[in-house]
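This report walks through one protein model, from its strands to its surface. Please keep the sequence and the structure in view while reading.

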Amino acid sequence: MVQTNCYICKKNTYSILTSIDDDFYGETFSIVKCQCGFSYLNPRPRLEEMGKYYNTSDYHPHSRGNGILYFIYKIVQKITFRSKYKILKKYTGNNICHLDYGGGDGKFSNFLNSRNQVSSVSYDPYFKSSNSLDFKKGSFNVITLWHVLEHAYDLDVLFENIEKMLSNSGK
């Protein structure tokens, strides 16, 4: 674990908001609130430790199963995929060259690739079988980060990479 300053104001003046026990690893995490109002995890795992928290079959977005909960989850997932596809079409038109950053197992990219005039790739730094992040400059006209920012270790590096991969007119 490593102590970190506030991402917003860069100061190290905070109070503990709450502590959370991790059932999987027996660790306790503290959510702190900075004097500027931003809340964040502090201390946080080191970058090289992050993968262990996502590489578990019990992490719901990566899990598989049967039963009513998974059935409902799959239905809701299909509805949200269609809704997200409509949003992409609205802002990019018909030819979509897409990167789903933080896309887990790639289901959304697979859904998009089943559509006409869509090319989609999924990348997730914490998902074992994800594509590598070796893309050409300006490769994509749309990049999505659904439910990603709260998982990103370094937002500055994340957005530098996104900017490089996004075409000049990209969204």
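Is Ile96 buried or exposed? Ile96 counts as buried, at 3% relative accessibility. The cut-off for that label is under 20%. The model is a predicted one.

**Around Ile96**

Ile96 sits in strand E4, which covers residues 96–101. The C-alpha atoms of Ile96 and Val118 are 4.7 Å apart, although 22 residues separate them along the chain. Arg115 lies 19 residues from Ile96 in sequence, and their C-alpha atoms are 9.8 Å apart in space. Arg115 belongs to the loop between helix H2 (107–113) and strand E5 (118–123). Its relative accessibility is 26%, so Arg115 counts as partly exposed. Gln117 is found in that loop between H2 and E5. Its phi is near 60 degrees, a positive value in a residue other than glycine.

**Strands and backbone**

Strand E1 (residues 14–21) pairs with strand E2 (residues 28–34). The pairing is antiparallel and runs over 7 bridges. Ile20 has Phe29 in E2 as its bridge partner. The hairpin of E1 and E2 has 6 residues between the strands. There, Gly26 takes a positive phi near 70 degrees.

Lys10 lies in the segment before E1. Its phi is near 70 degrees, again positive in a residue other than glycine. Lys10 has a relative accessible area of 49% and is therefore partly exposed.

A cis peptide bond links Asn42 to Pro43, with omega at about 0 degrees. Pro43 is in the loop between strand E3 (39–41) and H1.

**Surface patches**

What forms the nonpolar patch on the surface? The members are Ile68, Leu69, Phe71, Ile72, Ile75, Val76 and Ile79. Together they have about 710 Å² of accessible area. Ile75 is part of helix H1, residues 68–92. At a relative accessible area of 39%, Ile75 is partly exposed.

Charged groups also gather on the surface. Lys74, Lys78, Arg82 and Lys86 make up a patch of positive charge. Lys74 lies in helix H1. A patch of negative charge is built from Asp154, Asp156, Glu160 and Glu163. Glu163 is placed in helix H3, residues 155–165. Glu163 is exposed, whereas Lys74 is partly exposed.

| Residue | Patch | Relative accessible area |
|---|---|---|
| Ile75 | nonpolar | 39% |
| Lys74 | positive charge | 44% |
| Glu163 | negative charge | 62% |

**The salt bridge**

How many salt bridges does a search of the whole structure find? The search finds 1. The side chains of Lys107 and Asp105 meet in a salt bridge, at 4.0 Å from N to O. Why can such a pair form? Side chains of opposite charge can pair when their charged atoms come close. Lys107 is partly exposed, with 28% relative accessibility. Asp105 is partly exposed as well, at 22%.

Methods
Residues numbered from 1 in each chain as written. Predicted model: local features only at pLDDT ≥ 70, side-chain atom pairs only at ≥ 80, totals over all residues. Heavy atoms only, no water. Patch = residues over 30% accessible without salt bridge, like charges linked within 9 Å, V, L, I, M, F, W, Y side chains within 5 Å. Areas by Shrake-Rupley, 256 points an atom, 1.4 Å probe, with all protein chains shown as cover. Helix = DSSP H or I, 4+ residues; strand = E, 2+ residues; numbered from the N terminus. Buried < 20%, exposed > 50% of the residue type's maximum accessible area, 1.4 Å probe, protein only. Pairing = 2+ DSSP bridges. Lys, Arg positive; Asp, Glu negative; His and termini not counted. Charge placed at Lys NZ, Arg CZ, Asp CG, Glu CD.
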